[in-house]
Amino acid sequence: MKKMVLSGAIILALSVASCKNNANNQEQTSQTPTEQSAAVAGEGTYMAEPSSVIEWTGRKPTGSHTGTINLKSGSLTIDNGKVSGDFTLDMNTISVTDLTEDEGKADLEAHLKGTGEENGADHFFNVKTYPTGSFKLTSYDGTNVSGDLTLKGKTKTISFPATLTITDSEVTLESQPFNINRVDFGVNYGSKSVFADLKDKFINDEVELVVKVKAKK
């Protein structure tokens, strides 16, 4: 009788071990070979190309202006399926793309940079004091990028929809249009949320951005 109980215990133990092995095998093969090889191929750090740019649109009741800001440097890292990145914005490259020189392109660019008016340096981005901005990418969930944006020494966490395409030699990140509130970063000029007597001579607090980054190993 004791011998039968012992045999039953051994059989039970073997059955449990077999179940565990099956579970482990299923877990290890939950990814297809294609998915596994793509994950390995995408690992590493990619350096931002000079063509990377942030496109902006500012609006007011009487119209809008568009322009770009270039990256000074930046990198994206893919590590075990997680995405991170650090980017430096060159605020001296603020440009206006909807005006010609005859229409006041240079004057508006100087106003945005704070280099054209002796008493207006801090109206917008004051590039002499704050020559760079930054964005620290902390996560990407497959739909939205999240991270910390710093402008004029002020940092705010933002999130925006974006598509991330990864190969073994290149990463591209392109966002959908999204808005930031410029007042969060101390860009107060013409804001009716800051100045109460502007009537219809205000500039919208929301600035629309589109991020386009290309990075290579």
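Analyst: Start with Phe 160, which is buried at a relative accessible area of 4%. Buried means under 20% relative accessible area, exposed means over 50%, and partly exposed lies in between (1.4 Å probe, protein chains only). This is a predicted model, in which local features need pLDDT of at least 70 and side-chain atom pairs count only at pLDDT 80 or more, while totals for chains, interfaces and linings use all residues. Residues are numbered from 1 along each chain as its sequence is written, and side-chain values use heavy atoms, with hydrogens and water left out.

A pair of aromatic rings is described by the distance of the centres and the angle of the planes. Rings of Phe, Tyr and Trp (its six-membered ring) pair if their centres lie within 6.5 Å; planes under 30 degrees apart count as stacked, over 60 as edge-to-face, and the rest as tilted. Searching the whole structure gives three aromatic pairs. One of them is the tilted pair of Phe 124 and Tyr 189, at 5.2 Å centre to centre with 50° between the planes. This pair links distant parts of the chain, 65 residues apart: Phe 124 is in the loop between α3 (105-113) and β5 (132-140), and Tyr 189 is in the loop between β9 (178-181) and β10 (206-216). Such helices (H or I, at least four residues) and strands (E, at least two) are DSSP runs, numbered from the N terminus. Phe 124 is buried, with a relative accessible area of 8%, whereas Tyr 189 is partly exposed at 32%.

Back to Phe 160: its ring and that of Phe 178 have centres 4.3 Å apart and planes at 10°, so they are stacked. Phe 160 belongs to strand β7 (residues 154-166) and Phe 178 to strand β9, 18 residues apart, and this pair also links distant parts of the chain. Phe 178 is buried too, with a relative accessible area of 9%. Ring pairs join Phe 135, Phe 160 and Phe 178 into a cluster.

Lys 192 lies over the face of Phe 202, 4.2 Å from the ring centre; a charge counts as over a ring if NZ of Lys or CZ of Arg is within 6 Å of the ring centre and within 35 degrees of the ring normal.

Ser 191 lies in the loop between β9 and β10 and is buried, with a relative accessible area of 0%. Leaving out residues up to four places away in sequence, Ser 191 touches Arg 182, Val 183, Leu 198, Ile 203 and Asp 205, where contact means heavy atoms within 4.5 Å.
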